[in-house]
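Let me put the model up, and then we'll walk through a few parts of it.

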Amino acid sequence: MNVKMLPQIVLPTPILSLLAGENGRVWAGGMGGVAAYENGQWVPYIAGLPVSGVAALASAGKWLLAGGAEGIARSVNGGVTWQFAAIQGTAGAISTLVTSPSFEQDSSALAATLTGGVLRSEDSGQTWTAANFGLGDFEVTALLWQPNDTVLAATVNGIYRSPNGGRAWRETAGNEGQAVAALVQLPDGRLLAALEAGGLLISDDGARWSELAHDLPDEIEPAALCVLDDGALLLGAVDSGIFRSDDGGSHWSPVCGEGVFSLAQSAGIIYAGSGTDVLMSRDGWQFEVLPRPPLHDLRQLTAVGDNLLVYGRYSGALAFEGYAWQPLTAVSPPLGLLYSTPSGTLYASSMDGLRRWQADSDWETLIEGQAGYFSQFVMRDDGRGWACSHDYRHLLRTDNGGVNWQASASPFGVLPLMALEAAPGLVFGATFDARQNTARMWRSQDSGVNWQPGAEVRTPWPLVATHADPPLVALGSMIAVEQQTDHWQRGEVSGMADFLVRQIAGDSTHLLALTTRGLLHSTDGGLNWSPLEGLDLPADAMMSVAMIGDTVYVLLVGGQVACFSL
């Protein structure tokens, strides 16, 4: 099979987190997930990662932990595959992950969140529970776990101290009401805190703090602290670059002018994450720019007539025009979704609202603001459409192409709607229960007014793939096709095992199912499936698939798009 590669998409993205690993490998986390710098190049580990906007990374024994807005994921094989961690209650976005100094014995780790305080795990990050006894502020920005099992938690209203590994907390003195950005332990045992307003605090025991006289510029906004192997101290500032101190924080020298979000060190090499790049230094004075890591969050392909679009929540949308990728400037991130009808009408849902584009016309706004920010959306060419609000609390219906909508409370309770599809005479979807690891089918035969529950399948995969023509639904590794009204038949899969379905694309002549093991192909409307032969593309790098005529497009991790003809 002749596979061609379209030009690679390279977009700048903030490097929110860094982790220096073994054998010179460094991990970077950003809006699009995780990448590792290996042998002079970046290798993205995004396929199957259920967390985007990775703001925290930690190494926990054989486990790699990644935290972001959606929670915490962990990998036992260096990022090749990921599993979602279970968090009891509502946690909020993860800002920091740290592991116990005695992790090999106690398997303990802590996570800081921006709205839910501190989470604690005692099973290598598999499950997490709140550990907030005595914690007076739940917006936690940094954690520091000392060798004596004392933990410090930096918040926007001061520093809290735990003498028992993060199980209980007590407010410390000398920093009340001050927003703290970073913490570090100095070689002499003292503790240093950088304030968001630019000041520094020093402490002998973490219980009492005092101001440290320093000569840092007044206007800096600290983001990270790091102690080097030679005892020097680096401070990274979002707006002012990197500063170095060789006397414990009193006197500072600027060493790099590029704004920095994160710092890490391993085997004498220092790494700094900026707004677009990763910087490297071998001496803590001179920094060089590494190749730009592919950490944008472009994860979806869609076809609009004969045009190909790729999009991500924070990266926005790009169209392939003139053998180059052009930004779709009319669609501004954060982007909820793009949806194209069979006739080529394009809908875009974002925080700015719901917008529509039709051939030979300009973009028009149908719903202003967050009321048009949807988690699921489907529209027929006859103007009938359905949508689910971004918080999953409401279902909406329209009969005139999205100009007017009727809203009703979600019939699915608190369960999120993970898929929504419309076939002739049928609207169907699926919910996912993370507590039970089950996906359930739902269907409506009266245009979405009333819904009936259908089959329930146990699966750890929080994705449900659907297709309208023919009506198909994939739950985990099960692919079902509607044969008659309200009668679904399970498709037979040969030649592939232990797979999970990510997406279904195509038409009644050629159907493709993108799975964690590669592409499945069906030529009989979804009744029988087999691996697509002769495709030399790594299965774990495939993110999304789309078809235009008999040409198949596959989005790979890192912004590469492959195409071939069936």
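So, start with the open sheet of four strands, ordered β43-β44-β45-β46 and paired antiparallel. Strands here are DSSP runs of E, at least two residues long, and helices are runs of H or I of at least four, numbered from the N terminus. Two strands count as paired if DSSP finds at least two bridges between them. At the edges sit β43 and β46 (452–458), each pairing on one side only. Going from one strand to the next, the twist averages 20°, with axes fitted as lines to C-alpha atoms and angles between N-to-C directions running from 0 to 180 degrees. Between β43 and β44 (residues 426–433) there are six bridges, and the two run antiparallel. If you want a spot to look at, L420 stands opposite G429 in β44.

Before I go on: this is a predicted model, so local features need pLDDT of at least 70 and side-chain atom pairs count only at pLDDT 80 or more, while totals for chains, interfaces and linings use all residues. Residues are numbered from 1 along each chain as its sequence is written, and side-chain values use heavy atoms, with hydrogens and water left out.

Now, L420 also turns up in the largest nonpolar core, which has 23 residues; L420 is among those with the most contacts inside it, along with L354, F374, F377, W405 and W451. By core I mean buried Ala, Val, Leu, Ile, Met, Phe, Trp, Tyr and Cys residues joined through side-chain atoms within 4.5 Å. Buried is under 20% relative accessible area, exposed is over 50%, and partly exposed is in between, with a 1.4 Å probe and protein chains only. Which strands supply at least two residues each? Those are β35 (335–340), β38 (364–368), β39 (374–379), β40 (385–389), β41 (394–398) and β43 (417–423). The biggest giver is β39, with four residues.

Skipping neighbours within four places in sequence, its contacts include Y347, E364, L366, I367, F374, F377 and W405; contact means heavy atoms within 4.5 Å. Apart from this core there's another one, of 21 residues, with L6, L298, L308 and A541 among them.

Zooming out, we have one helix and 58 strands. For 566 residues, a compact globule would have a radius of gyration near 24 Å, and the protein's 25 Å agrees with that. That radius is over C-alpha atoms, and the rule is 2.2 Å times the number of residues to the power 0.38. The C-alpha box is roughly 75 × 45 × 45 Å along the principal axes, and 56% of the residues count as buried.

Most residues other than glycine have a negative phi, and most peptide bonds are trans. Here, the bond from P333 to P334 is cis, omega near 0°, and P334 is in the loop between β34 (324–327) and β35. D469 and P470 are also joined by a cis bond, omega about 5°, with P470 in the loop between β47 (464–467) and β48 (472–475).

Then N39, not a glycine, has a positive phi of about 55°. Buried or exposed, this N39? Exposed, at 85% relative accessible area, in the loop between β4 (33–38) and β5 (41–44). D498 also has a positive phi of about 55°, and counts as exposed at 68%.
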